[in-house]
Amino acid sequence: MNGLREQVNGVRVGVRYAVARHSGPVGGDWYLSTPLPGGDVMLAVGDVMGHGRPAAATMLRLRAAMTRLALAGDEPGAILAALNRMLCRRPSTVLATAVCGRFHPADHSLTWARAGHLPILRATTAGVSALAQPFGMALGVDPAAPYPTTCVVLDPGDLLLMFTDGVVERRDRAIDQGVQGLADEVGVAVRGSAPGERLRTALDCAPRGNPDDDACLLAAEPV
């Protein structure tokens, strides 16, 4: 999995991304770590169903729309609702999942929403667990679907993990087991890491679940 690391408005972000092995150079997963006016940061991960160029084309449109709406000041729930309406207007059925959050560095709060996506994991000194999830169905199903938001305040040293199913999915286990496996491995890896090394350690230890699927893992921590 290719990786990058950057600092955005006081948030350290790292990403690992890999395309399905039979899909060529492009895939349908995406991520965002976008600085917003006023000092906030938009953090997001999404997954268009399917592989190859058709999925990548839809991914690029969704990612561009999400960026535009975030920069315009829309909240995560409104952004997902707009992307959902966009997909529902397509003549053919295209489905996607996504999770996006607006992080406010001034008070370490994350306001987030999800669309049929896997949970956000939170790594603390006590371990790794999933954030309580707001309801939200996959994009492209119902043009009137609501996407409520929820808010959590992070403690100093907390690490957030957003990921697509290619990171945790395997044929020999349920996806919930894959999520728990990721949480367990990250928890063990970061427990003995120095504060400045926890993000890199979490990314390095994360497994690649399914080589036949695109995979994206985003880790973020306030600095």
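Buried here means under 20% relative accessible area, with exposed being over 50% and partly exposed in between (1.4 Å probe, protein chains only). Packing rests on contact, that is, heavy atoms within 4.5 Å.

The model is predicted, with local features requiring pLDDT of at least 70 and side-chain atom pairs pLDDT 80 or more, while totals for chains, interfaces and linings use all residues. Residues are numbered from 1 along each chain as its sequence is written, and side-chain values use heavy atoms, leaving out hydrogens and water.

Helices (H or I, at least four residues) and strands (E, at least two) are DSSP runs numbered from the N terminus. H4 comprises the 17 residues 175-191 and spans 24 Å from first to last C-alpha, close to the expected 24 Å; that expectation is 1.5 Å times one less than the number of residues. Its buried positions are Gly178, Val179, Gly181, Leu182, Ala183, Val186, Gly187 and Val190.

Thr150 belongs to strand S9 (residues 150-153). Because its relative accessibility is 27%, Thr150 counts as partly exposed. Beyond neighbours within four places in sequence, Thr150 contacts Leu110, Thr111, Trp112, Ala132 and Pro134. Its C-alpha atom is separated by 25 Å from that of Gln177, 27 residues apart along the chain.

A nonpolar core is a set of buried Ala, Val, Leu, Ile, Met, Phe, Trp, Tyr and Cys residues joined through side-chain atoms within 4.5 Å. The largest such core has 28 residues, and Trp30, Val48, Met66, Leu80 and Leu139 have the most contacts inside it. At least two residues of this core come from each of S3 (29-35), S4 (41-48), H1 (52-71), H2 (76-88), S5 (96-104) and S6 (109-115). H1 gives the most, 7 residues. Another core, of 22 residues, lies apart from it and includes Val13, Leu110, Trp112 and Val152.

The whole structure holds 1 cavity of 30 Å³ or more, a cavity being a set of points on a 1 Å grid over the protein atoms alone where a 1.4 Å probe fits but cannot get out, with lining residues having an atom within 4 Å of a point. Val11, Leu43, Phe103, Leu154, Leu160, Ala220, Glu221 and Pro222 line the largest cavity. Strand S11 (residues 215-222) supplies the largest share of this lining, 3 residues.

Technical notes:
On a 1 Å grid over the protein atoms alone, a cavity is a set of points where a 1.4 Å probe fits but cannot get out, and a pocket is an open set with protein on both sides within 12 Å along at least five of seven lines; lining residues have an atom within 4 Å of a point. Grid points are joined across faces, edges and corners, and a volume is the space filled by probe spheres set on the points.
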